[in-house]
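Please read it with the sequence and the model at hand.

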Amino acid sequence: MAQETPPPQKPPRHAIARVAWNTLGAVALLLGLIGVVLPVLPTTPFVLVAAFAFSKGSPRMRRWLTDHAIFGPLIADWEAHGAIARPIKRLACGIMGGVFLISVIAGVPVKVLVIQAICLGGAAAYVLTRPDGPR
């Protein structure tokens, strides 16, 4: 009599979700870290996404982020007050303006400049309308 082999076991749903959240957190954190040295890429939004994703997938990584000397205050201000510190606002808007200026100097087509102006203007408006926070 032939022995039946049991069907392959699927990993539990929560394990798959944890991997997905941790992957999102790792990608967001990597992009945020790249943004520290590459001024075209914003750091703060990616760090906030990473903190959120790690809160679902890896409490240890979340704790590391919230305890981090640089990233921790950004996350705390955002979570407590929906706030972005004034120096970060200045830096973000300055970089957005610089990117747009570089595009103009580079001779980017007008259609692209209009789309870029709308997107950067919307992002700048959002950043500037957030509270400054307690710091």
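This is a predicted model: local features need pLDDT of at least 70, side-chain atom pairs count only at pLDDT 80 or more; totals for chains, interfaces and linings use all residues.

## Helix 4 and its cover

The buried residues of helix 4 are covered by parts of the chain that include helix 1 (13-37), helix 2 (44-57), helix 3 (59-67) and helix 5 (86-105). Helix 4 itself spans residues 71-81, and its buried residues are Phe71, Gly72, Leu74, Ile75 and Asp77. Just after helix 4 comes Gly82, whose phi is positive, at about 65 degrees.

## Overall architecture

Of the 135 residues in the protein, 24% are buried.

Among the contacts in the protein with a separation of 6 or more, 61% are made by residues 24 or more positions apart. The accessible surface of the protein amounts to about 9,300 Å², and carbon and sulfur atoms hold 71% of that surface.

## The largest nonpolar core

Which residues make up the largest nonpolar core? This core has 11 residues in all, namely Ala28, Leu29, Val47, Leu48, Ala50, Ala51, Phe54, Leu65, Phe71, Leu74 and Ile75. Helix 1, helix 2 and helix 4 are the elements that give two or more residues to this core, and the largest share, 5 residues, is supplied by helix 2.

Once its neighbours within four places in sequence are set aside, Leu65 is in contact with Leu29, Val47, Ala50, Ala51, Phe54, Phe71, Gly72 and Ile75.

## A nonpolar patch on the surface

A nonpolar patch on the surface is formed by Leu30, Leu33, Ile34, Val36, Val37 and Leu38, which together have about 550 Å² of accessible area. Val37, one of the residues in this patch, has its place in helix 1. The relative accessible area of Val37 is 70%, and Val37 is therefore classed as exposed, the threshold for that class being over 50%.

## The aromatic pair

The structure holds 1 aromatic pair. In this pair the ring centres of Trp21 and Phe52 lie 5.5 Å apart and the ring planes stand at 80 degrees, so the arrangement is edge-to-face. Because Trp21 belongs to helix 1 and Phe52 to helix 2, the pair ties together parts that are 31 residues apart in sequence.

Are the two partners buried or partly exposed? Trp21 is partly exposed, with a relative accessible area of 29%, and Phe52 also counts as partly exposed, at 44% relative accessibility.

## Salt bridges

How many salt bridges does the structure hold? There are 3 salt bridges in the structure. As background, side chains of opposite charge can pair when their charged atoms come close. In one of the bridges, the side chains of Arg62 and Glu79 meet at 2.8 Å, N to O. This pair links distant parts of the chain, with Arg62 in helix 3 and Glu79 in helix 4, 17 residues apart. Arg62 counts as buried, at 18% relative accessibility, whereas Glu79 is partly exposed, with a relative accessible area of 47%.

The side chains of Arg86 and Asp132 meet in another salt bridge, at 2.3 Å, N to O. Since Arg86 lies in helix 5 and Asp132 in the segment after helix 6 (110-129), this pair ties together parts that are 46 residues apart in sequence. Both partners are partly exposed, Arg86 at 45% relative accessibility and Asp132 with a relative accessible area of 23%. Asp132 also forms a salt bridge with Lys89, in which the closest N and O atoms are 2.7 Å apart; here the segment after helix 6 is linked to helix 5 by residues 43 positions apart. Lys89 is buried, with a relative accessible area of 6%. Through salt bridges that share partners, Arg86, Lys89 and Asp132 are joined into one network.

Notes:
Residues are numbered from 1 along each chain as its sequence is written. Side-chain values use heavy atoms; hydrogens and water are left out. Buried means under 20% relative accessible area, exposed over 50%, partly exposed in between (1.4 Å probe, protein chains only). Contact means heavy atoms within 4.5 Å. Accessible areas come from the Shrake-Rupley method with a 1.4 Å probe; for residues, only the protein chains shown count as cover. Helices (H or I, at least four residues) and strands (E, at least two) are DSSP runs, numbered from the N terminus. Patches are made of residues with over 30% relative accessible area and no salt bridge: like charges are joined within 9 Å, nonpolar side chains (Val, Leu, Ile, Met, Phe, Trp, Tyr) within 5 Å. A salt bridge is a side-chain nitrogen of Lys or Arg within 4 Å of a carboxyl oxygen of Asp or Glu. A nonpolar core is a set of buried Ala, Val, Leu, Ile, Met, Phe, Trp, Tyr and Cys residues joined through side-chain atoms within 4.5 Å. Rings of Phe, Tyr and Trp (its six-membered ring) pair if their centres lie within 6.5 Å; planes under 30 degrees apart count as stacked, over 60 as edge-to-face and the rest as tilted.
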